[in-house]
Amino acid sequence: MKDTAKDAAGRGATEALGVAVVGAGYWGPNLVRNFQSAPEFRLRWLCDLNEDRARQVLGGYSTVRATSDYAEVLADPDVDAVAVATPAGTHLDVALAALRAGKHVLVEKPLAATYEDGLRLVTEAEERGLTLMCDHTYCYTPAVGRIREMVRSGELGDIQFFDSVRINLGLVQKDVDVLWDLAPHDLSVLDFILPDHVRPVAVAAHGADPIGAGQSCVAYLTLQLNTGAIAHVHVNWLSPTKVRTTMVGGSKRTLVWDDLNPVQRVAVFDRGVDLTAPQEIGADERRDMLVSYRSGDMVAPALGEKEALRSMVEEFAAAIRTGRPALTDGRAGLQVLDILEAASRSLEFRGAVVGLRTGR
């Protein structure tokens with residue numbers, strides 16, 4: 001019988017898990033703040049190539065140790081987990097070293113720079129029985145959590161379409177195009193909310209570089225789902241206004257998520273199109289399918305207020321302690337990489353449809 005007083009890391013069921021954050025740049029300080037405030041964890045290290053920057057993030061009164069020596073962090077037996085917030089090109093080396101040192105790993109999106117690198121991390125974690133989690137932050141917002149419940153419970157009916165717009169002015173990146181910069185957010189949400197039996201099977205992408213930046217600054221991505229439904233993502237660095245909206249259409253109801261509207265982030269509409277099946281109508285009418293339009297009420301579900309990163313940290317702890325896959329585990333990160341790489345190939349071939357890998 002399993003000893004319930006011990007979790008996967010060997011800590012007592014109520015004892016805080018030791019964690020180290022690697023990377024003190026843009027996202028690392030957010031992880032530091034949330035790990036420090038989470039009773040499930042005890043932050044022990046902040047590691048960065050620039051040790052002074054790490055010390056500045058921690059402040060003068062912190063008991064957390066700052067270092068530029070990653071090997072020192074991995075050698076600490078009190079470190080049960082490592083959170084990686086370094087550039088994507090370094091994710092493989094940093095995360096792989098942590099897994100080989102027996103540490104559970106949280107990786108900032110994207111999971112890795114390529115699908116093959118991501119697969120190496122997933123395989124290593126699974127072979128060692130360690131938690132590998134991808135920080136798909138939007139999936140842990142109260143809004144997306146509620147959307148997932150409605151989709152998976154059948155409240156919206158069968159999913160017919162998913163349409164997402166994520167546009168704003170800048171920041172134009174030097175090393176990645178707009179698809180790799182912005183679309184991972186929408187693709188991770190799509191993967192998170194879809195029922196297990198519904199999955200993308202192919203993608204087509206179109207992009208443009210009207211300002212001569214060297215990579216696409218405006219892009220449209222279309223995914224074919226195995227059910228015949230369609231998912232569409234519009235990402236843009238050149239829009240003068242910021243828009244963050246997602247529409248999920250079902251056979252029963254349609255949902256609209258406006259992430260920039262704090263008063264009404266999610267609205268559910270009992271409005272849509274109903275089609276009468278041929279067997280339900282008379283023989284003389286079977287040549288013409290009967291279409292009717294449904295116009296019902298709009299409901300705005302009540303949503304709790306909780307920082308997404310706090311929920312993500314709690315999920316990381318729960319996955320470590322129970323040994324179950326995290327809600328956004330390594331394979332969820334791998335799915336996003338699969339779509340992004342296929343979209344890049346589609347861009348090269350001017351919007352050709354590219355099939356996705358089927359090993360998920």
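Author: Let's start with a charge and a ring: the charged end of Arg148 sits over the ring of Phe192, at 4.5 Å from the ring's centre. The rule behind that wording asks for NZ of Lys or CZ of Arg within 6 Å of the ring centre and within 35 degrees of the ring normal. There is another such arrangement, with Arg357 lying over the face of Tyr115 at 3.8 Å from the ring centre.

Before going on, a word on what you are looking at. This is a predicted model, in which local features need pLDDT of at least 70 and side-chain atom pairs count only at pLDDT 80 or more, while totals for chains, interfaces and linings use all residues. Residues are numbered from 1 along each chain as its sequence is written, and side-chain values use heavy atoms, with hydrogens and water left out.

Now for rings meeting rings. Rings of Phe, Tyr and Trp (for Trp, the six-membered ring) pair if their centres lie within 6.5 Å; planes under 30 degrees apart count as stacked, over 60 as edge-to-face and the rest as tilted. By this rule, there are five aromatic pairs. One of them joins Tyr26 and Trp27, with centres 6.0 Å apart and planes at 35°, so this pair is tilted. Tyr26 counts as exposed, at 74% relative accessibility; exposed means over 50% relative accessible area, buried under 20% and partly exposed in between, using a 1.4 Å probe and protein chains only. Phe35 and Phe41 make an edge-to-face pair, 4.9 Å from centre to centre with 80° between the planes. Phe35 is buried at 0% relative accessibility, and Phe41 is buried too, at 5%. Ring pairs also bring in Phe316, linking Phe35, Phe41 and Phe316 into a cluster.

Thr137 touches Trp27, Ala308 and Leu309, not counting residues up to four places away in sequence, where contact means heavy atoms within 4.5 Å. Thr137 itself lies in the loop between strand S6 (132-135) and helix H6 (142-153); helices (H or I, at least four residues) and strands (E, at least two) are DSSP runs, numbered from the N terminus. Thr137 is buried, with a relative accessible area of 18%.

The next residue along, Tyr138, belongs to the lining of the largest cavity, together with Ser164, Val165, Arg166, Asp186, Arg244, Thr245, Thr246, Trp257 and Asp259. A cavity here is a set of points on a 1 Å grid over the protein atoms alone where a 1.4 Å probe fits but cannot get out, and lining residues have an atom within 4 Å of a point. A search of the whole structure finds one cavity of 30 Å³ or more. The volume of the largest cavity is about 50 Å³, counted as the space filled by probe spheres set on the points, with grid points joined across faces, edges and corners. Strands S7 (159-169) and S11 (238-250) each supply at least two residues of its lining. The lining divides into three nonpolar, three polar and four charged residues, taking Ala, Val, Leu, Ile, Met, Phe, Trp, Tyr, Cys and Pro as nonpolar, Asp, Glu, Lys and Arg as charged, and the others, Gly among them, as polar.

Asn261 is found in the loop between strand S12 (254-258) and strand S13 (266-276), and counts as partly exposed at 25% relative accessibility.

Arg350, although not a glycine, has a positive phi of about 55°. Its place is the loop between helix H9 (330-348) and strand S15 (354-355), and Arg350 is exposed, with a relative accessible area of 79%.

Finally, step back to the whole. The protein has nine helices and 15 strands, and 49% of its 360 residues count as buried. Of the contacts with a separation of 6 or more, 66% join residues 24 or more positions apart.

Notes
1 Å grid on protein atoms, 1.4 Å probe; cavity = no way out; pocket = protein on both sides within 12 Å on 5 of 7 lines; lining within 4 Å.
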